[in-house]
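Take a look at the model below. We will walk through it one residue at a time.

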Amino acid sequence: LNFLLIVGPLAVIVSILFAGWLATITMIAAPVIQLAGIILDYNTSSLFEIFVSIGACGLGLLLFIGMYHLSKFSARLIIRYCKWNMTIVKGRESNV
């Protein structure tokens, strides 16, 4: 039972962080993907699509900073939760 109480929240937090990092990397790579499509003649892009991809890159860079801090905070939170859970399992008083 204790294993499920640790793995459940951990799986949710890791999944959300993974999705956030994946979205961030994709948004940062948007202009490169757009440029590769134009060079390799896969699509005919309008000027609007090019500017949207540049805007997505800027948003991706801002998200990168946010995801970095969110990941650090989540790691500290997970470690505190595991330490608290271990004190509960051992039956000691919680001083976390």
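Start with Thr24, which sits in helix α1. Keep in mind that this model is predicted. Is Thr24 buried or exposed? Its relative accessible area is 0%, so Thr24 is buried. The cut-off for buried is under 20%.

Which residues does Thr24 touch? Leaving aside residues up to four places away in sequence, Thr24 is in contact with Gly60, Leu63, Phe64 and Met67. Pick out Phe64 from that list. Phe64 belongs to helix α3, which covers residues 47-90.

Now turn to the aromatic rings. A pair of aromatic rings is described by the distance of the centres and the angle of the planes. How many aromatic pairs does the whole structure hold? The search finds 2. One of them joins Trp21 and Phe64: the ring centres are 5.3 Å apart. The planes of Trp21 and Phe64 meet at 80 degrees, so this pair is edge-to-face. The angle needed for that label is over 60 degrees. Trp21 lies in helix α1 (residues 2-28) and Phe64 in helix α3, so the pair ties together parts that are 43 residues apart in sequence.

How covered are these two residues? Trp21 has a relative accessibility of 22%, so Trp21 counts as partly exposed. Phe64 is also given as partly exposed, because its relative accessible area is 40%. Partly exposed is the band between buried, under 20%, and exposed, over 50%.

Which residues make the nonpolar surface patch of about 470 Å²? Leu59, Leu62, Leu63, Phe64 and Ile65 make the patch. Leu63 and Phe64 are also among the residues that Thr24 touches.

Next, move to Gly58. Gly58 has its place in helix α3. At 32% relative accessibility, Gly58 is partly exposed. How far apart are Gly58 and Ile38? They are 20 residues apart in sequence, and their C-alpha atoms are 20 Å apart in space.

Finish with the cysteines. A disulfide is a covalent bond between the sulfur atoms of two cysteines. How many disulfides are counted here? The count is 0. Is Cys57 buried or exposed? Cys57 has 18% relative accessibility, so Cys57 counts as buried. Cys82 has a relative accessible area of 28%, so Cys82 is partly exposed.

Conventions: Residues are numbered from 1 along each chain as its sequence is written. This is a predicted model: local features need pLDDT of at least 70, side-chain atom pairs count only at pLDDT 80 or more; totals for chains, interfaces and linings use all residues. Side-chain values use heavy atoms; hydrogens and water are left out. Patches are made of residues with over 30% relative accessible area and no salt bridge: like charges are joined within 9 Å, nonpolar side chains (Val, Leu, Ile, Met, Phe, Trp, Tyr) within 5 Å. Accessible areas come from the Shrake-Rupley method with a 1.4 Å probe; for residues, only the protein chains shown count as cover. A salt bridge is a side-chain nitrogen of Lys or Arg within 4 Å of a carboxyl oxygen of Asp or Glu. Helices (H or I, at least four residues) and strands (E, at least two) are DSSP runs, numbered from the N terminus. Rings of Phe, Tyr and Trp (its six-membered ring) pair if their centres lie within 6.5 Å; planes under 30 degrees apart count as stacked, over 60 as edge-to-face and the rest as tilted. Buried means under 20% relative accessible area, exposed over 50%, partly exposed in between (1.4 Å probe, protein chains only). Contact means heavy atoms within 4.5 Å. A disulfide is a pair of cysteine sulfur atoms within 2.5 Å.
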